[in-house]
Amino acid sequence: MRDDEILTRISALVTEEHELRDRMSAGEVTSDREHARIKELETALDQCWDLLRQRRARRSAGDDPDGAAARPAGEVENYRQ
């Protein structure tokens, strides 16, 4: 996946997350399924950002950015900020 594709994916995920959070604030999101979807979105965003950072780091180091790979959710979720 190229950087622009990752950024497009991030944008779509953020849009969906904001829509769900707005609905939650308005009391329209009550199901466990919708809350689970927000968690899925957060995880997918973490994975996308991690992949983009990997690609940029590889490029900066003179390596092929296509050598970067998405890491498992459990791995990126446990990073410290």
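User: Hi! Where is the place of L52?

Analyst: Hello! L52 has its place in helix α2. Helices here are DSSP runs (H or I, at least four residues), and strands are E runs of at least two, numbered from the N terminus. This is a predicted model, in which local features need pLDDT of at least 70 and side-chain atom pairs count only at pLDDT 80 or more, while totals for chains, interfaces and linings use all residues. Residues are numbered from 1 along each chain as its sequence is written, and side-chain values use heavy atoms, with hydrogens and water left out.

User: What's pLDDT, and what does the chain average?

Analyst: pLDDT is the predictor's confidence in each residue, on a scale from 0 to 100. The chain averages 90, and 96% of the residues score at least 70.

User: Where in the chain is confidence lowest, and where highest?

Analyst: Confidence is lowest in helix α3 (residues 73–77), with a mean of 86, and highest in helix α1 (residues 3–25), at 94.

User: Back to L52. Buried or exposed?

Analyst: L52 has a relative accessible area of 1%, so L52 is buried. The cut-offs are under 20% for buried, over 50% for exposed, and in between for partly exposed (1.4 Å probe, protein chains only).

User: Which residues is L52 in contact with?

Analyst: Leaving aside neighbours within four places in sequence, L52 is in contact with D3, I6, L7 and I10. Contact means heavy atoms within 4.5 Å.

User: And what about L41? Which residues does L41 touch?

Analyst: L41 also lies in helix α2, and L41 is buried because its relative accessible area is 0%. Not counting residues up to four places away in sequence, L41 touches L13, E16, E17 and L20. L41 and I10 are 31 residues apart in sequence, and their C-alpha atoms are 9.6 Å apart.

User: New topic: where does M24 lie, and what does it touch?

Analyst: M24 lies in helix α1. With a relative accessible area of 29%, M24 is partly exposed. M24 touches V29, H35 and I38, not counting residues up to four places away in sequence.

User: Last one: why does R55 count as buried?

Analyst: R55 counts as buried because its relative accessibility is 5%. R55 lies in helix α2 (residues 32–60). Beyond four places in sequence, R55 touches M1, R2, D3, I6, P65, D66 and A68.
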